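Take a walk through this model. Keep the sequence and the 3D view side by side.

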Amino acid sequence: MYNFPLLLRKLLILLLFLVLQAGAVILLVNNSYFQQNTILRTVRTWQMNWWEKRSSWTAFTNLRFTNNDLALENTRLRTELAKLSALENVLTETEEGKRMISDSFSFIPALVIRNSVSRQHNHIIINKGTADGVRPDMGVISDRGIVGVISHVSDHYAMIISLLNTEQSFTAELLKTGTFGTLHWDGVHYRKVLLSEIPQHINFNKGDTVVSSHFSLIFPPGIPIGSVKSGSLKRGTFLELEVELFSDFKTLRYVNVVSHSGAEELNRLTDTEKEDVL
Amino acid sequence: MSDTLKYVLRFLLIMAIQLLFFEGLNLGTYLYPMPYLLFLILFPCTYSTAWLMLWAFAFGVGLDLLGTGIMGLHTSSFVLMAALRNSLIKTVVVKGDLDNMSVPGFVQFGNVRFGFFVLLCVLTHHLIYFTLESMSFFLFWHTFARFLCSLLLNVFLVLLFKRAFYEKRR
């Protein structure tokens with residue numbers, strides 16, 4: 001290589017640079033590349049073991065706050081249980097009621113073993129996988145609101161696209177009026193997300209609760225997400241509300257994967273609709 | 001120990017430290033520790049740019065695959081840094097001094113010049129990294145603040161690690 005004239009050598013180096021950069025850009029554009037990689041599975045397993053150890057230490061230091069959260073959660077659940085069992089008695093008397101109860105959500109408890117809040121594209125890894133019934137596209141909630149959606153699953157672990165990921169958005173609605181909009185993160189602060197596409201005639205107050213939408217296939221309806229801090233008109237057409245999250249993603253530890261028994265059937269239904277349109 | 005073997009071991013060591021320790025460190029939105037940039041700085045001054053870029057590509061792909069960020073970010077910015085590294089050395093060092101220098105370092109360049117060299121290297125890397133990560137100039141000041149804070153942190157970290165682990169005792 002050193003026998004080449006200088007100019008030719010410089011050109012070759014430039015060419016190599018362009019080829020390598022092209023490779024990088026292809027990786028950047030084609031994100032699914034890493035799903036197809038099977039070598040990753042082994043490496044991930046090692047990483048998980050390490051992260052699990054690390055995470056058990058941080059969990060220990062956060063124990064006080066976690067206990068507090070759990071106590072609150074217990075109270076809330078007990079109240080809800082009381083309400084629901086009363087309702088169930090009424091409902092099971094009719095055929096329609098029985099069907100509604102079977103078509104409901106169930107939860108798989110999981111432990112967060114890796115989490116980040118400081119990137120623009122944050123991911124969370126939990127210690128439940130296919131073996132425990134976790135599938136891609138399932139929703140994940142914590143006791144303080146929604147957490148994200150499952151992206152990849154291995155046998156014993158699953159990766160979640162966090163709500164704190166600028167490429168992910170969810171449907172959410174204002175509890176008071178039932179108006180729904182798109183909930184997404186702008187990448188700035190880990191306690192603040194934006195609820196956009198709210199029609200401008202809707203009145204909102206500071207402190208209004210934002211909950212998960214009734215139209216969502218991945219989250220149960222009515223899960224509290226955060227409270228409205230402020231709002232402004234965007235592009236003269238829609239309101240964009242700044243929402244302060246109830247959950248603190250930095251101390252996230254216990255989560256629940258939501259499995260919706262009707263989701264597969266509903267997805268099939270919407271898929272056939274798409275095919276018909278095409 | 002042959003040089004190539006030394007580089008491979010260094011590759012693995014720095015990659016492991018970055019992945020197992022620094023990737024898991026949450027220092028907030030504004031600080032992203034990337035001391036792995038030291039990997040390219042440690043190559044000899046006369047090392048060919050082509051090989052530097054290939055090392056950088058391999059390292060970047062490894063980091064992108066095994067880390068949890070989006071693909072290609074580290075690869076792209078690290079390859080650019082590799083492409084410019086040798087030119088940066090020539091900019092920083094007094095002409096003619098280069099012949100009797102083995103590797104970039106505090107002793108060889110002088111403290112100020114070496115610091116400046118590291119600053120330029122990290123700057124090229126971070127410019128591409130944060131531009132690609134945000135993919136838009138929509139939140140310009142936010143991205144800029146992240147860029148600036150991480151720049152200062154990483155220049156500090158690279159200099160610190162260089163001084164602590166890769167400087168010959170005098």
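How many disulfides does the structure hold over all chains? The count is zero. This is a predicted model. B:Cys45 has 7% relative accessibility, so it counts as buried. B:Cys149 has 30%, so it counts as partly exposed.

Next, the aromatic rings. Over all chains there are 29 aromatic pairs. One of them joins B:Phe22 and B:Phe161. Their ring centres lie 6.0 Å apart and their planes meet at 85°, so the pair is edge-to-face. This pair links distant parts of the chain, 139 residues apart. B:Phe22 belongs to helix H1 (residues 3-22) of chain B, and B:Phe161 to helix H7 (residues 140-165) of chain B. B:Phe22 is buried, because its relative accessibility is 6%. B:Phe161 is partly exposed, because its value is 21%. Ring pairs also build a cluster, whose members include B:Tyr7, B:Phe11, B:Trp55 and B:Phe78.

The charged end of B:Arg163 sits over the ring of B:Phe106, 4.5 Å from its centre. The charged end of A:Arg119 sits over the ring of B:Tyr32, 3.8 Å from its centre.

B:Tyr32 leads on to the inside of the model, as one of the residues nearest the centre of the largest cavity. That cavity has a volume of about 110 Å³. Its lining has 14 residues. In chain B, helix H3 (49-66), helix H4 (73-92) and helix H6 (111-134) each give two or more residues to the lining. The lining divides into five nonpolar, five polar and four charged residues.

Note on methods. Residues are numbered from 1 along each chain as its sequence is written. Chains are lettered from A and ligands numbered from 1 in the order in which they are written. This is a predicted model: local features need pLDDT of at least 70, side-chain atom pairs count only at pLDDT 80 or more; totals for chains, interfaces and linings use all residues. Side-chain values use heavy atoms; hydrogens and water are left out. A disulfide is a pair of cysteine sulfur atoms within 2.5 Å. Buried means under 20% relative accessible area, exposed over 50%, partly exposed in between (1.4 Å probe, protein chains only). On a 1 Å grid over the protein atoms alone, a cavity is a set of points where a 1.4 Å probe fits but cannot get out, and a pocket is an open set with protein on both sides within 12 Å along at least five of seven lines; lining residues have an atom within 4 Å of a point. Grid points are joined across faces, edges and corners, and a volume is the space filled by probe spheres set on the points. Helices (H or I, at least four residues) and strands (E, at least two) are DSSP runs, numbered from the N terminus. Ala, Val, Leu, Ile, Met, Phe, Trp, Tyr, Cys and Pro count as nonpolar, Asp, Glu, Lys and Arg as charged, and the others, Gly among them, as polar. Rings of Phe, Tyr and Trp (its six-membered ring) pair if their centres lie within 6.5 Å; planes under 30 degrees apart count as stacked, over 60 as edge-to-face and the rest as tilted. A charge sits over a ring if NZ of Lys or CZ of Arg is within 6 Å of the ring centre and within 35 degrees of the ring normal.
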